[in-house]
Amino acid sequence: MKKKLKIKKQAKKKLIIFILIIIISVGGFKLFNDYLYRQTYEYKLLQINYSLNEIKIIEEEFNDKQIDTLLTKEYNPNLTKIISDKYFIYNNLNRYLNYYNENKDIDLNKVISLINVNRDNAFYEKPIKTNYKDEKLMLVNKYYYLDKDYEPENIITTTGTYSYANNSLNEETYNAYQELYNAAKIDGHTILIVSSYRNFEYQEELWNERKELYGTRKADEYAARAGHSEHQTGYAVDVADFYDVNDKFGDTESYIWMKENAHKYGFILRYPKDKEDITGYSYEPWHYRYVGKEIANKIYQENITFDEYYAYYLDKEVN
Ligand SMILES: [Zn+2]
């Protein structure tokens, strides 16, 4: 009887020890787990007030190094809206935030477009020499320029069928234009090249003429300064309707045809309506840039300008 009691007592003791071990292990395990959790980005980001939803976006879009940098900064309620934008470029992050701070009436996605095309810098202030490896995709605008003596390769003279006299342009562009011209013709439109390749000196004359007539501000609105004209690339054309040769190309049926079809032949409307703040140019329904079919198609589908395309798809890849 006594022996039995002793055995019972011993069993109880063992049980208590066993339970204690379990409690300590569980506690230790929990402490260890807490320690591990505190090392995670989720925990660290929560500490500076990002929500779980925002953290999910941050972890999707940022690499570790980028999150480490973010952790040194204060919470920003606009951050995840910015980084989930399709055209977000990491290197521009601080510029987006600064610009938005100073221009709160502008939509965030618009801010991203503007910064991507350098609109937080004044035109012609810090000119960048354009040097994209593929000539056809060189960006020339109020920020990017071509040297005075830059002359494109494969410039050929056009014939009377497709253009007015004294025009020349890049051969590939000209071939594509002939394809476009023939397709338009079948649909009942005769669209001719009015102006194409222009060298530096000629562009200089054009701009100076306008400057003398209207002053610098107006001249800049309607014409590029020498070195900054897309016409110097040899890949740009100004067109006109053969039966309606005036400044109103935008009012013609031919323009509607161009708007719907030019991209199929590799051309894009370079200075669209409602994109003046992005391109820095007034709407020019007559000015088209050749970029090849694939890219023209993409620009058309995404409804972006070449400036935006270049920043997001070409320049980002270089940097
Ligand atoms: Zn033009």
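A residue is called buried here when its relative accessible area is under 20%. By that criterion, both Arg 270 and Glu 230 are buried in this predicted model. The two residues also belong to a network of salt bridges, in which Glu 230, Arg 270, Arg 289 and Asp 307 are linked. The briefing below covers the overall form, the salt bridges and a charged surface patch.

**Overall form**

- The protein has a radius of gyration of 31 Å, whereas a compact globule of 319 residues would have one near 20 Å.
- Along its principal axes, the C-alpha trace extends over about 125 × 45 × 35 Å.
- The secondary structure consists of 14 helices and eight strands.
- Of the 319 residues in the protein, 45% are buried.

**Salt bridges around Glu 230**

- The whole structure contains 14 salt bridges.
- Arg 270 pairs with Glu 230 in a salt bridge whose closest N and O atoms are 2.7 Å apart.
- This pair links distant parts of the chain, 40 residues apart: Arg 270 is in strand S7 (residues 267–271), and Glu 230 is in the loop between helix H10 (216–222) and S6.
- Glu 230 also forms a salt bridge with Arg 289, with 2.9 Å between the closest N and O atoms.
- Because Arg 289 lies in strand S8 (residues 284–290) and Glu 230 in the loop between H10 and S6, this second pair ties together parts that are 59 residues apart in sequence.
- Arg 289 has a relative accessible area of 0% and is therefore buried.
- Glu 230 has a relative accessibility of 1%, so it counts as buried.

**The Arg 198–Asp 238 pair**

- A salt bridge joins Arg 198 and Asp 238, the closest N and O atoms being 3.8 Å apart.
- The partners come from distant parts of the chain, 40 residues apart: Arg 198 is in the loop between strand S5 (191–195) and helix H9 (200–214), and Asp 238 is in strand S6 (residues 236–241).
- Arg 198 counts as buried because its relative accessibility is 12%.
- Asp 238, with a relative accessible area of 11%, is likewise buried.

**Negative surface patch**

- Asp 149, Glu 151, Glu 201, Glu 204, Glu 205, Glu 209 and Glu 212 form a patch of negative charge on the surface.

Notes. Residues are numbered from 1 along each chain as its sequence is written. This is a predicted model: local features need pLDDT of at least 70, side-chain atom pairs count only at pLDDT 80 or more; totals for chains, interfaces and linings use all residues. Side-chain values use heavy atoms; hydrogens and water are left out. Patches are made of residues with over 30% relative accessible area and no salt bridge: like charges are joined within 9 Å, nonpolar side chains (Val, Leu, Ile, Met, Phe, Trp, Tyr) within 5 Å. Accessible areas come from the Shrake-Rupley method with a 1.4 Å probe; for residues, only the protein chains shown count as cover. A salt bridge is a side-chain nitrogen of Lys or Arg within 4 Å of a carboxyl oxygen of Asp or Glu. Lys and Arg count as positive and Asp and Glu as negative; His and the chain ends are not counted. The place of a charge is taken as NZ of Lys, CZ of Arg, CG of Asp or CD of Glu. Helices (H or I, at least four residues) and strands (E, at least two) are DSSP runs, numbered from the N terminus. The radius of gyration is taken over C-alpha atoms; the globule rule is 2.2 Å times the number of residues to the power 0.38. Buried means under 20% relative accessible area, exposed over 50%, partly exposed in between (1.4 Å probe, protein chains only).
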